[in-house]
Amino acid sequence: MDNELGSDLDKAWLSQELAIAMEYYKSLDLPKAENTLNKILEYFPDDPNALHLLGVVFKESGDMDKSSALLESSINVDSANFSSLLNLGKVYLLTKKVEKASLLFKKSLNLNRANADTWFCLAE
């Protein structure tokens, strides 16, 4: 019973911290978003959402190496996350790896055909 309660508390904390990190990201406070996400990853090193968002933060900060590594880690944990595929594709576009980007956009569309951003990126 205690393990279940601890698990529920962990999930609640994780959800709350991810929401805080997202708010920092949306308000373009990237250092605070990065710090919050690193705190999450100390406790949940394989959380695909934290890995994904931190990868996006690094993309916005211009660190494409860290961004691609984190997005790849997120995909390794959750290969069905179309957003991670999309954002890694965007990193590949920015680093002139057009063929890799195109493959990722197509994989992303296979998971979510309704995402306009993916269609736009594929058309580029």
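How are H3 and H5 oriented relative to each other, roughly parallel or roughly antiparallel? The structure examined here is a predicted model, in which local features require pLDDT of at least 70 and side-chain atom pairs count only at pLDDT 80 or more, whereas totals for chains, interfaces and linings use all residues. Residues are numbered from 1 along each chain as its sequence is written, and side-chain values use heavy atoms, with hydrogens and water left out.

Helices (H or I, at least four residues) are DSSP runs numbered from the N terminus, as are strands (E, at least two). Two packed helices are described by the angle between their axes and the distance between the axes. The axes are lines fitted to C-alpha atoms, for helices over the stretch in contact, and the angles run from 0 to 180 degrees between N-to-C directions. H3 and H5 pack at an angle of about 20°, their axes being 10 Å apart, and the two helices are therefore roughly parallel to each other; angles under 35 degrees count as roughly parallel, over 145 as roughly antiparallel, 65 to 115 as roughly perpendicular and the rest as oblique. Contact (heavy atoms within 4.5 Å) is made here by His52, Val56 and Lys59 of H3 and by Ser83, Ser84, Asn87, Lys90, Val91 and Leu94 of H5. By class, the contact of H3 with H5 has 3 nonpolar, 4 polar and 2 charged residues, where Ala, Val, Leu, Ile, Met, Phe, Trp, Tyr, Cys and Pro count as nonpolar, Asp, Glu, Lys and Arg as charged, and the others, Gly among them, as polar.

Asparagine 87, found in helix H5, is buried, with a relative accessible area of 10% (buried means under 20% relative accessible area, exposed over 50%, and partly exposed in between, with a 1.4 Å probe and protein chains only). Leaving aside neighbours within four places in sequence, asparagine 87 is in contact with His52, Val56, Lys59 and Leu71. Serine 68, in helix H4, likewise counts as buried, at 13% relative accessibility, and touches Leu88 and Val91 when residues up to four places away in sequence are not counted. Serine 73 also has its place in helix H4 (residues 64-77), but is partly exposed, with a relative accessible area of 32%.

H2 and helix H3 (residues 48-61) have axes that come within 10 Å and cross at roughly 150°, which makes H2 roughly antiparallel to H3. H2 passes H3 in a left-handed crossing, and the contact involves Leu30, Ala33, Glu34, Leu37, Asn38, Ile40 and Leu41 of H2 together with Ala50, Leu51, Leu53, Leu54, Val57, Phe58, Glu60 and Ser61 of H3. The class composition of this contact is 11 nonpolar, 2 polar and 2 charged residues.

For helix H5 (residues 82-94) and helix H6 (residues 98-111), the packing angle is about 160° and the axes are 8 Å apart, which makes H5 roughly antiparallel to H6. The crossing of H5 past H6 is left-handed. On the H5 side Phe82, Leu85, Leu86, Leu88, Gly89, Lys90, Tyr92 and Leu93 meet Val98, Lys100, Ala101, Leu104, Phe105, Lys107, Ser108 and Leu111 in H6, and the contact has 11 nonpolar, 2 polar and 3 charged residues.

A search of the whole structure finds 2 aromatic pairs, for which rings of Phe, Tyr and Trp (its six-membered ring) must have centres within 6.5 Å, planes under 30 degrees apart counting as stacked, over 60 as edge-to-face and the rest as tilted. Tryptophan 13 and tyrosine 43 form an edge-to-face pair, at 5.5 Å centre to centre and with 80° between the planes. Tryptophan 13 lies in helix H1 (residues 2-26) and tyrosine 43 in helix H2 (residues 30-43), so the pair ties together parts that are 30 residues apart in sequence. Tryptophan 13 counts as partly exposed at 26% relative accessibility, whereas tyrosine 43 is exposed, with a relative accessible area of 57%. Trp13, Tyr43 and Phe44 form one aromatic cluster.

Most residues other than glycine have a negative phi. Leucine 28, in the loop between H1 and H2, has a positive phi near 65° and counts as exposed at 67% relative accessibility. Lysine 96, found in the loop between H5 and H6, has a positive phi of about 65° although it is not a glycine, and is exposed, with a relative accessible area of 69%.

Terms used. Left-handed = near helix turned anticlockwise from the far one by under 90°.
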